[in-house]
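Please open the model in the viewer and keep the sequence beside it.

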Amino acid sequence: MAGRLRPLPRSLDPLADESIHGYLLRLAHLFGAAPLEIAVRTGLVVQGRGRNGIPVRLLHDLDEQRLDAFARVTRLTHDEVRGLLTASLGERYGPLNARLLAEFRTSTSMVHNNRWILTRATRYCPRCLSGDGTEIEGRHGGCWRRSWRLPPVFACLRHQRPLLYGCPRCGQDINAARASSLIARASEAGLHPAQCRATIPGTRAICGASLADGEADRRPHAPSTVAALLRLQYHFDRLLDPDGPKSVGSFGWQVPTAQHFIDLRALSALIFMAWPCARELAETEALAVLVDREAEKRHAEFSKSRAEAEAGRRRQASHHYSDPAADPAVAGAVLGIAAQLLSAPNENETHEVMAPIIDRAKERNFSMSYQFRSFSGSSYPLQAILLTSRRDRGAFQRMEQRIESKGFSRLTGADRRAC
């Protein structure tokens, strides 16, 4: 493939943390071409096979043939191309780590069956998209970041604000389209990278609203709520940094950082399922109210799904509770509660705070609560604690012995202060 494709006459240097989605949009804008045309010219899509758009799986990883072709045509190094993909984030972010999640062995399954990477939707910061004042970003817009595809990234520390989702004008996901594609309306040329590409319902027209102007730059949250989200985002960004800590505390034990994010994922599902248990742990009342609304919607969807399952029309779905919240502020609120729960210093305190949540989840649906408590890829300390009755002291002691036998170590006082 690479031998048949000619290098582009001009190219662009990738921006820091830029996604391949954003890079294609900027490259298309540079040439006044459609993103799909650029995808074909760079070897990502075979000529004649891209009528449905650009495959979403290319967000995560490229096979060697595509990677080599794309690097050659865009004049990038292989490492620069890999830096546009989300696969490398799995070293720190467990829900993208194929070694920890046995069910996601291929790039396709990692993207299409994994709800803890935002594929068709992405959050954004209007000020990031407006550029940094340099000539190149002034022409083609700022950075669509890879990290915005991760549910634990819900705020922009550079601009001290929560991220946004959805278009401020049409109200849809900014990538909404009739066909599943990494870039909506990929065959359409002439749009700026910071414009909404959603199709207006009932028409064939593109919305085209700017996501980088004052209309998009709304600030609906109180300063105390923004401050709480920024504090938590700073903590998560430190864990996601390639040079960040290799382990972090989970229920009083040292757990690999990548696995810690899977633990957060499991607990967020239990929090939604058991809500309003743990409501008092929300950082602000405003964040608690946001989760009230989200949980009410999820409880209603779950009840409807259960009724359909009992009628034999479909299987009972668990994603109503396990999916991350689309709204960045809600995602931050729930993950903040999960992080607080994981910060409990020992098993006794852990069981005190977790018992009401576990009991409520069991009441709602025992088998589904078990599924979340034994979440695939979650740490052994998390599973052992969530599956052990605090009333059974013998089992409690055996649990501690099993955790230690698996190679996990307890947090020291210095470890807790570092976390």
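Which residues of helix α3 (residues 64-74) are buried? They are Arg66, Leu67, Ala69, Phe70, Ala71, Val73 and Thr74. Buried means under 20% relative accessible area, with exposed over 50% and partly exposed in between (1.4 Å probe, protein chains only). Helices (H or I, at least four residues) and strands (E, at least two) are DSSP runs, numbered from the N terminus.

The model is predicted: local features need pLDDT of at least 70, side-chain atom pairs count only at pLDDT 80 or more, and totals for chains, interfaces and linings use all residues. Residues are numbered from 1 along each chain as its sequence is written, and side-chain values use heavy atoms, with hydrogens and water left out.

**Around α3.** At the start of α3, select Asp63, a side-chain oxygen of which comes within 3.1 Å of the backbone nitrogen of Gln65. Just after the helix, Arg75 has a positive phi of about 65°.

**Ser19.** Ser19 is buried, at a relative accessible area of 1%. Apart from neighbours within four places in sequence, Ser19 is in contact (heavy atoms within 4.5 Å) with Leu84, Trp144, Arg145 and Arg146.

**The largest cavity.** Select His21, Thr122, Trp144, Ile174 and Asn175, which lie nearest the centre of the largest cavity among its 14 lining residues. A cavity is a set of points, on a 1 Å grid over the protein atoms alone, where a 1.4 Å probe fits but cannot get out; lining residues have an atom within 4 Å of a point. About 80 Å³ of space lies in this cavity, and the structure holds 3 cavities of 30 Å³ or more.

**Strands β3 and β4.** Turn to β3 (residues 247-250) and β4 (residues 253-256), which run antiparallel and are joined by 4 bridges. Two strands pair if DSSP finds at least two bridges between them. Ser247 has Pro256 in β4 as its bridge partner. The two strands form a hairpin with 2 residues between them, and Phe251 in the turn has a positive phi of about 60°.

**His299.** Finish in helix α10 (residues 285-310), the place of His299. This residue is buried, with a relative accessible area of 15%. Where does the side chain of His299 make a polar contact of 2.8 Å? The partner is the side chain of Tyr321. Beyond neighbours within four places in sequence, the contacts of His299 include Phe272, Met273, Trp275 and Arg364. A polar contact is a pair of N or O atoms within 3.5 Å; within protein, one must be able to donate a hydrogen and the other to accept it, and residues adjacent in sequence count only if both atoms are side-chain atoms.

Definitions and conventions. 1 Å grid on protein atoms, 1.4 Å probe; cavity = no way out; pocket = protein on both sides within 12 Å on 5 of 7 lines; lining within 4 Å. Points joined across faces, edges and corners; volume = space filled by probe spheres on them.
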